[in-house]
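Subject: Structure handover

Hi,

Here is the structure we spoke about. Please open it alongside these notes.

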Amino acid sequence: MGGPLTRPGEFTRGADSVASRFSISRFGGPTTYRTSTVSVGITATRIVGNNPRRVQFTIYNRSVNSIDLDYVSSVTLNGGIPLSASSGVATSTIEDDGETVVGEIYGIASSASSSVFVIEVMRV
């Protein structure tokens, strides 16, 4: 017979949740996440810091300006990974990108005060 079912209105957290079991299988252990909003300017701005526990991140460009990303602080406009205005998304997972997912990410925008939304997933 199958395991217990979650009915509408019931929420399962911790080791019993489907997401938790998936994270343990995919990333080798339980995970947690954090979100942040970073204002990227016309000079290099650190978007995420070095985090050896990070297994995935996603960066969404919420501004009307173009943004370029790079793993070095010398990122230049039109010289990095492009995030198009208002809809650009960059995602990196340890499975696809290896060690690069734990490093710092910098951004530079075509205009000051360009907002990005960041989701980081980390092993706990």
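In what order do the 4 strands of the open sheet that contains S1 stand? The order is S1-S8-S3-S6, and the pairing is antiparallel.

First, the ground rules. This is a predicted model, in which local features need pLDDT of at least 70, side-chain atom pairs count only at pLDDT 80 or more, and totals for chains, interfaces and linings use all residues. Residues are numbered from 1 along each chain as its sequence is written, and side-chain values use heavy atoms, with hydrogens and water left out. Helices (H or I, at least four residues) and strands (E, at least two) are DSSP runs, numbered from the N terminus. Two strands pair if DSSP finds at least two bridges between them.

S1 and S6 are the edge strands, each pairing on one side only. Neighbouring strands are turned by 15° against each other on average, direction ignored. Axes here are lines fitted to C-alpha atoms, for helices over the stretch in contact; angles run from 0 to 180 degrees between N-to-C directions. S3 and S8 run antiparallel and are joined by 7 bridges. Arg54 stands opposite Met122 in S8.

Helix H1 (residues 18–27) packs on this sheet. H1 touches S1, S3, S6 and S8 (contact means heavy atoms within 4.5 Å), and its direction makes about 110° with that of S3.

**Helix H1**

Ser20, Ser23 and Phe27 are buried in H1. Buried means under 20% relative accessible area, exposed over 50%, and partly exposed in between (1.4 Å probe, protein chains only). Seen down the axis of H1, the buried residues fall within an arc of 65°, so they line one face of the helix. That arc is taken from the directions from the helix axis to the C-beta atoms. The cover over these residues includes S1, S3, helix H2 (94–97) and S8. Val18 and Ser25, on the other side of H1, are exposed. Just after the helix, Gly28 takes a positive phi of about 80°.

Glu120 sits in strand S8. It counts as buried, because its relative accessibility is 5%. Its side chain makes a polar contact with the side chain of Arg54, at 2.4 Å. A polar contact is a pair of N or O atoms within 3.5 Å; within protein, one must be able to donate a hydrogen and the other to accept it, and residues adjacent in sequence count only if both atoms are side-chain atoms. Beyond four places in sequence, Glu120 is in contact with residues including Thr32, Arg34, Asn51 and Phe57.

Ser92 lies in strand S6 (residues 89–93). Its relative accessibility is 3%, so Ser92 counts as buried. The side chain of Ser92 makes a polar contact with the side chain of Asp97, at 2.8 Å. Leaving out residues up to four places away in sequence, Ser92 touches Val55, Gln56, Phe57, Tyr71, Asp97, Thr100 and Val101.

**The sheet S2-S7-S4-S5**

Another 4 strands form an open sheet in the order S2-S7-S4-S5, again with antiparallel pairing. The edge strands are S2 and strand S5 (81–83), and each pairs on one side only. Neighbouring strands of this sheet are turned by 35° against each other on average, direction ignored. S2 and S7 pair over 3 bridges. Arg46 stands opposite Tyr106 in S7.

Thr45 is found in S2. Thr45 counts as buried because its relative accessibility is 16%. Its side chain reaches the backbone nitrogen of Gly41 at 3.3 Å.

**The core**

Which residues have the most contacts inside the largest nonpolar core? They are Val40, Ile47, Ile59, Ile67, Leu69, Val116 and Val118, in a core of 16 residues. Strands S1 (31–40), S2 (45–48), S3 (54–61), S4 (67–70), S7 (105–109) and S8 (114–123) each supply at least two residues of this core. A nonpolar core is a set of buried Ala, Val, Leu, Ile, Met, Phe, Trp, Tyr and Cys residues joined through side-chain atoms within 4.5 Å. Ile47 touches residues including Val38, Ile105, Tyr106 and Gly107, not counting those up to four places away in sequence.

Best wishes
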